[in-house]
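Good morning, and thank you for coming. Please look at the two chains on the screen while I describe how they meet.

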2 protein chains.
Amino acid sequence: MKIRFEQKTLFCLPWTQTILGTHLNGKVNFMALDWLTRVNVNPAMLGICVNKNHASHEAIVQTGEYSVNVPSVAMVETTDFVGLVSGKRVDKSDLFRVFYGELTAAPMIVDCPITIECKVSQPVDLPTHTFFIAEIVNIYTEERFVTDRHLDMKKIDPFLLTMPDNTYWSLGERIGKAWNAGKKLMQQQQEK
Amino acid sequence: MKIRFEQKTLFCLPWTQTILGTHLNGKVNFMALDWLTRVNVNPAMLGICVNKNHASHEAIVQTGEYSVNVPSVAMVETTDFVGLVSGKRVDKSDLFRVFYGELTAAPMIVDCPITIECKVSQPVDLPTHTFFIAEIVNIYTEERFVTDRHLDMKKIDPFLLTMPDNTYWSLGERIGKAWNAGKKLMQQQQEK
């Protein structure tokens, strides 16, 4: 029997855990970030959602730039740490070794297998958050995370967050191929 | 050594696989949906990104309503099928048993462990897609998917998609607690 689930404000599917990189008052800052999605194919665009109270919000408003960094399971403690403490109170600038691409205010984390530098094109104002839509300027990885020209998730070893049980999860096993697993069903429908 | 990754337009992290439910010209329609994120806490809001060429896009423009349905691993073939064929050509209205909540054009799938009915509050126009920001009207589940008042991911058994390797993944193992795993590091930083 279907029930209405009470905690709608805390609703969460598993989201890939990332770390948001910004410049706040000229200094490198980081925040744990879960609310993001692709929003456009061409040009490649990404949207991230940041609470207006966060230091990173102010940082993005200042510079119009940010990075999205995908940590591996081995980085779970450091990633959690950047979500525990605010950049308003704690200087997180020396926590990670960083590098830069084309942008000057999108610090990327050397130890993260995937890093993305983004330039904001459209901030969408919402009651408690801003959804910062941005163009993906570049994506960086290392050869060791690529297999057959694809990013290899088993080598990257990303992790996910669910709320409000506040649990980090590893990525599981391959269970099928997309645009393929449903082909048998498609044939059955066509034969009807 | 860091390299620029070529396939930026196809960039993808693991996204939780969902099925979008709509009414198109008065008929139930479904589409595989991966690009979505929470965007606001209070009120609880969700944003989904739909290509302007998709039948579901027209459906949402018509009604201003949609549902997001979270299938379990057991539903991988049917889920993939709804992503393989367009509602413009194939009638997908009898594929799932559906139920309704408060909204009249947000059909929810009985067999999905989590279903969410949403009312569009703000469509954001982008070059190839529209990002439909919506209020979460209600979330539905069943008692058997709830443990200690939380949605139980092990019982729900959602799956994820990565592109462009087009692979479905199960959710893996618990690897840590959020807002907790970094506490040791926080203490070390405070003692500095």
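Chain B and chain A bury about 9,500 Å² between them, 67% of it on carbon and sulfur atoms. Buried area is the accessible area, taken with a 1.4 Å probe, that two parts lose on being put together, summed over both.

This is a predicted model, in which local features need pLDDT of at least 70 and side-chain atom pairs count only at pLDDT 80 or more, while totals for chains, interfaces and linings use all residues. Residues are numbered from 1 along each chain as its sequence is written, chains are lettered from A in the order in which they are written, and side-chain values use heavy atoms, without hydrogens and water.

In contact (heavy atoms within 4.5 Å) are 99 residues of chain B with 99 residues of chain A.

How many salt bridges cross the interface of chain B and chain A? The rule, a side-chain nitrogen of Lys or Arg within 4 Å of a carboxyl oxygen of Asp or Glu, finds four. In one of them, E102(A) joins R4(B), with the closest N and O atoms 3.3 Å apart.

R4(B) also stands opposite Y140(A), in β1(B). Strand β1 (residues 2-4) of chain B runs antiparallel to strand β11 (residues 129-142) of chain A, and three bridges join them. Strands are DSSP runs (E, at least two residues), numbered from the N terminus, and two strands pair if DSSP finds at least two bridges between them.

Finally, a rotation of 180 degrees with 0.0 Å of shift along its axis superposes chain B on chain A, with RMSD 0.0 Å. That is the relation of a two-fold axis. The superposition is by least squares on the C-alpha atoms of residues with pLDDT of at least 70 in both copies. In chain B, the C-alpha of G172(B) is nearest the axis, 1.8 Å from it.

Methods: Helix = DSSP H or I, 4+ residues; strand = E, 2+ residues; numbered from the N terminus.
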